[in-house]
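Please look over the sequence and the model below before reading on. The text then goes through the structure part by part.

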Amino acid sequence: ITVDQNDVCPGTTQTFSVDASANLGTPTYQWKINGGNAGISSTLAQSFNDGDRVTLDVVSSEGPAAED
């Protein structure tokens, strides 16, 4: 995951980007802000408030990993 800025003031747009295709085929993405769905593309551009928590779920198109 990359970000376009390291220091951001509340209300300023921040862009997060990810590219997991090299290891996961054509993955699907689900960005979340404070637990609520916020986007499904490889990029999330949003203005944030102090204390917001951003998470990302990535699911591989290759299926689940095999267990040993």
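The paragraphs below take up a sheet, a pocket and several single residues.

This is a predicted model, in which local features need pLDDT of at least 70, side-chain atom pairs count only at pLDDT 80 or more, and totals for chains, interfaces and linings use all residues. Residues are numbered from 1 along each chain as its sequence is written, and side-chain values use heavy atoms, with hydrogens and water left out.

Helices (H or I, at least four residues) and strands (E, at least two) are DSSP runs, numbered from the N terminus. Three strands form an open sheet in the order β1-β2-β5, and their pairing is antiparallel. The edges of this sheet are β1 (2–3) and β5 (43–47), each of which pairs on one side only. Two strands pair if DSSP finds at least two bridges between them; β2 (residues 13–17) and β5 run antiparallel and are joined by 5 bridges.

Q14 lies in β2, and its bridge partner in β5 is Q46. Is Q14 buried or exposed? Q14 counts as buried because its relative accessibility is 5%, where buried means under 20% relative accessible area, exposed over 50%, and partly exposed in between (1.4 Å probe, protein chains only). The Q14 side chain makes a polar contact with the side chain of D4 at 3.2 Å. A polar contact is a pair of N or O atoms within 3.5 Å; within protein, one must be able to donate a hydrogen and the other to accept it, and residues adjacent in sequence count only if both atoms are side-chain atoms. A polar atom of the Q14 side chain also lies 2.8 Å from the backbone oxygen of Q5. Contact in general means heavy atoms within 4.5 Å; not counting residues up to four places away in sequence, Q14 touches V3, D4, Q5, V8, L44, A45, Q46 and F48.

Q14 is also among the residues nearest the centre of the largest pocket, together with V8, C9, F48 and N49, out of 14 lining residues. On a 1 Å grid over the protein atoms alone, a pocket is an open set of points where a 1.4 Å probe fits, with protein on both sides within 12 Å along at least five of seven lines, and lining residues have an atom within 4 Å of a point. The space in this largest pocket is about 210 Å³, a volume being the space filled by probe spheres set on the points.

G25 is partly exposed, with a relative accessible area of 25%. Leaving aside neighbours within four places in sequence, G25 is in contact with S61 and E62.

Beyond four places in sequence, the contacts of Y29 include V18, I40 and L56. Q30, also in β3, is buried at 18% relative accessibility. A polar atom of the Q30 side chain lies 3.2 Å from the backbone oxygen of G39.

Most residues other than glycine have a negative phi. Phi of N34, however, is positive, near 50°.
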